[in-house]
Protein chains: 2
Amino acid sequence: MPAPHSLDTLVQALRCLPGVGAKSAARMAFHLLQRDREGALQLSEALARAVQTMRHCERCHTFTEAQICSTCLDPARDPSRLCVVETPADQAAMERTGAFGGMYFVLMGRISPLDGVGPNDIGLKKLLDRVNDGLVQEVILATNFTAEGETTAYVIAQALKARGLRTTRLARGVPVGSELEYVDLGTIAHALAERR
Amino acid sequence: MPAPHSLDTLVQALRCLPGVGAKSAARMAFHLLQRDREGALQLSEALARAVQTMRHCERCHTFTEAQICSTCLDPARDPSRLCVVETPADQAAMERTGAFGGMYFVLMGRISPLDGVGPNDIGLKKLLDRVNDGLVQEVILATNFTAEGETTAYVIAQALKARGLRTTRLARGVPVGSELEYVDLGTIAHALAERR
Ligand SMILES: [Zn+2]
Ligand SMILES: [Zn+2]
């Protein structure tokens with residue numbers, strides 16, 4: 001007995017979620033239809049709305065509903081320091097420390113040769129344009145302390161040094177091998193103060 | 001910096017999926033918006049359509065877009081034998097064996113006192129109505145061989161015996177503690193042939 005068509009379609013569509021295989025997708029579809037149709041409808045609407053409204057900030061590349069995000073437009077922030085992070089979640093972790101009042105650039109990824117992600121895929125060119133605004137004096141590389149994050153920091157540092165810009169890296173108070181998003185705030189604040 | 005509103009809404013909405021916590025939801029939202037907007041839109045549409053079109057078959061209780069599902073309407077199937085399963089996935093596993101040509105009743109769950117799921121929550125009353133069609137002579141209990149599945153089979157068997165109906169259970173060729181969906185076809189076919 002083939003499953004009904006719109007159920008098949010849903011199971012297949014759920015597999016676009018990272019880490020969700022055929023069995024998980026079938027479980028999710030069953031759960032939503034049998035126990036949480038309200039949740040399914042809310043998710044449907046949230047997906048459609050996010051895809052419609054979310055674009056990239058023209059200055060820092062993070063997700064925003066506006067042309068330029070509120071952080072980039074904030075006149076209270078110090079435009080001479082630019083902090084480069086991998087994802088919006090990493091930026092949020094930096095912000096929660098309260099220890100940084102400068103600007104951000106969000107790579108929306110990291111260099112990962114094994115996954116075929118090179119410098120052009122993480123907006124390196126956009127970053128090089130960004131730092132040429134005549135205001136940025138220091139670029140703080142706050143990519144994760146993983147192999148890919150270190151590679152990414154290294155590649156960016158080389159490109160910026162060639163342009164005569166000062167680059168720093170969060171101090172290694174951040175545990176090696178961990179991701180910023182999971183690090184306690186004190187450690188991040190400490191690493192920021194001791195950047196080199 | 002608070003995340004933009006429609007992104008927040010999406011992260012929150014993704015948590016309606018079973019097994020998805022705050023961190024997974026944030027990862028999924030990032031992945032969809034950054035790498036698979038097409039998939040996000042397809043998922044949005046599939047969710048809306050499934051919720052709109054999927055209802056329960058009036059005879060067997062499984063998901064269907066029609067009033068009565070194609071299995072229940074199939075005149076080639078033997079109406080004297082009714083196989084009771086927990087989910088559509090279990091029914092599909094039975095069908096793949098090719099060893100059963102009777103009808104089905106899909107509980108859409110199992111009795112689980114620890115989760116507060118009792119006989120009324122799995123359509124026991126609907127099943128008792130179903131078996132009173134004057135055609136069903138044997139009810140094959142093919143609930144899973146887990147603690148909850150065994151409990152469910154026991155409760156149904158007691159209710160049906162009180163009505164003078166013959167009930168059988170898949171033979172214990174099915175490994176104890178496993179779920180039908182994952183059992184190889186030969187084992188299921190064997191267990192069906194040796195039902196007691
Ligand atoms: Zn921005
Ligand atoms: Zn049916």
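Trainee: Leaving aside its neighbours within four places in sequence, which residues is Pro18(A) in contact with?

Mentor: Good start, but bear in mind that this is a predicted model: local features need pLDDT of at least 70, side-chain atom pairs count only at pLDDT 80 or more, and totals for chains, interfaces and linings use all residues. Residues are numbered from 1 along each chain as its sequence is written, chains are lettered from A and ligands numbered from 1 in the order in which they are written, and side-chain values use heavy atoms, leaving out hydrogens and water. Contact means heavy atoms within 4.5 Å. Once its neighbours within four places in sequence are set aside, Pro18(A) touches Met28(B) and His31(B).

Trainee: Where in chain A is Pro18(A) found?

Mentor: Helices are DSSP runs of H or I with at least four residues, strands are runs of E with at least two, and both are numbered from the N terminus. Pro18(A) lies in the loop between α1 (5–14) and α2 (22–35) of chain A.

Trainee: What is the relative accessible area of Pro18(A)?

Mentor: Buried means under 20% relative accessible area, exposed means over 50%, and partly exposed is in between (1.4 Å probe, protein chains only). Pro18(A) counts as partly exposed because its relative accessible area is 34%.

Trainee: How many helices and strands does chain A have, and how much of chain A is buried?

Mentor: From the N terminus on, the elements run α-α-α-β-β-α-β-α-β-α-β-α-β-α. That gives 8 helices and 6 strands. Of the 196 residues of chain A, the buried part is 53%.

Trainee: Which residues coordinate the zinc ion (ligand 1)?

Mentor: Donors are N, O and S atoms within 2.8 Å of the metal (3.2 Å for Na, K and Ca), and water is not among the atoms, so sites may look incomplete. Here the donors sit at 2.2 to 2.3 Å, and they follow the spacing C-x2-C-x8-C-x2-C along the chain. Each one is an SG atom, and the residues are Cys57(A), Cys60(A), Cys69(A) and Cys72(A).

Trainee: Why is the arrangement around the zinc ion (ligand 1) tetrahedral?

Mentor: Four donors count as tetrahedral if all angles lie between 85 and 135 degrees. The 4 donor atoms around the zinc ion (ligand 1) meet this because they subtend angles of 106 to 118°.

Trainee: Which residues are the protein donors of the zinc ion (ligand 2)?

Mentor: The angles at the zinc ion (ligand 2) are 105 to 118°, which makes this arrangement tetrahedral. The spacing along the chain is C-x2-C-x8-C-x2-C. Lying 2.2 to 2.3 Å from the ion through their SG atoms, the donors are Cys57(B), Cys60(B), Cys69(B) and Cys72(B).

Trainee: What is the phi of His61(A)?

Mentor: His61(A) belongs to the loop between β1 (55–56) and β2 (63–64) of chain A. At 12% relative accessibility, His61(A) counts as buried. Although His61(A) is not a glycine, its phi is positive, at about 80°.

Trainee: At what angle do helix α3 of chain A and helix α1 of chain B pack?

Mentor: Two packed helices are described by the angle between their axes and the distance between the axes. Axes are lines fitted to C-alpha atoms, for helices over the stretch in contact, and angles run from 0 to 180 degrees between N-to-C directions. Helix α3 (residues 37–53) of chain A and helix α1 (residues 5–14) of chain B have axes 9 Å apart and an angle of about 150°.

Trainee: Which residues of α1(B) make the contact with α3(A)?

Mentor: Angles over 145 degrees count as roughly antiparallel, and α3(A) and α1(B) are therefore roughly antiparallel to each other. On the α3(A) side, the contact includes Leu43(A), Ala46(A) and Leu47(A). On the α1(B) side, the residues are His5(B), Ser6(B), Thr9(B), Leu10(B), Ala13(B) and Leu14(B).

Definitions and conventions: Four donors count as tetrahedral if all angles lie between 85 and 135 degrees; four count as square planar and six as octahedral if opposite donors are over 155 degrees apart and all others between 65 and 115; anything else is irregular. Angles under 35 degrees count as roughly parallel, over 145 as roughly antiparallel, 65 to 115 as roughly perpendicular and the rest as oblique.
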